[in-house]
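The sequence and the structure are shown first.

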Amino acid sequence: SSLHTHPRSGQVPAKEEAVVHRIVANLVALAVAAIAPSPTPDRAVVDRLVFSTGLTEFRSERSRAKRQHRWLVTTTDGCSAPLVGSRGKSFDFRLACERHDLAYANYSALARLGLGVQWDSALRARVDDQFQRDLQASCVQRRHSERLRCDSWAVIFFHAVRVAAGP
């Protein structure tokens, strides 16, 4: 519905104008609340990115989360595999490694800050199992001729992480 104006003055009656101002103020408040960065770290944000976001959507969701949650650690060194790196002729594990880095960095930070996270062997195993699923998912997209080599690299990367990394 449109606002009714006074037939002679063309002015909007004060009551209607006040209602419109309240509606606009409420809409602005809702919009600000929806996009305002969260002030304190929240495990649910990390859980969603690590365990609920599809690997192909991970980068865009990570960017969106970083804009909303400035505390989120998003730095990565990719796959820190000496000599081999994050990708090769038969594999590309960059996304899997980026998500794995995000998990390790944020869960350990939440634990250090005493925010209800135990960065222990159980959580590490859960994160590493997700890493293994991500590695395997990246291999599924490969041509059949590269798939076996990719799967072999995935096993190597997974076991290297289990042997070399954190708690």
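In this predicted model, F93 counts as buried because its relative accessibility is 0%, and buried means under 20%. F157 also counts as buried, because its relative accessibility is 7%.

The rings of F93 and F157 are arranged edge-to-face, at 5.0 Å centre to centre and with 75° between the planes. The pair links distant parts of the chain, since F93 lies in the loop between α3 and α4 while F157 belongs to helix α6, 64 residues apart.

| Residue | Relative accessibility | Location |
|---|---|---|
| F93 | 0% | loop between α3 and α4 |
| F157 | 7% | helix α6 |

The largest nonpolar core has 31 residues, and V46, L72, F93, Y107, V127 and L135 touch the most other members. The elements giving two or more residues to this core are α2 (43–52), α3 (58–68), α4 (94–112), α5 (121–140) and α6 (144–164). With seven residues, α4 gives the most.

Which residues does Y107 touch, not counting residues up to four places away in sequence? They are R43, V46, D47, V50, F51, V117, W119, L123 and V127.

Y107 also belongs to a cluster in which ring pairs link F51, Y104, Y107 and W119. At F51, the charged end of R126 sits over the ring, 3.7 Å from its centre.

Note on methods
Residues numbered from 1 in each chain as written. Predicted model: local features only at pLDDT ≥ 70, side-chain atom pairs only at ≥ 80, totals over all residues. Heavy atoms only, no water. Core = buried A, V, L, I, M, F, W, Y, C linked by side-chain atoms within 4.5 Å. Buried < 20%, exposed > 50% of the residue type's maximum accessible area, 1.4 Å probe, protein only. Helix = DSSP H or I, 4+ residues; strand = E, 2+ residues; numbered from the N terminus. Contact = heavy atoms within 4.5 Å. Phe/Tyr/Trp six-rings, centres within 6.5 Å; stacked < 30°, edge-to-face > 60°. Lys NZ or Arg CZ within 6 Å of the ring centre and 35° of its normal.
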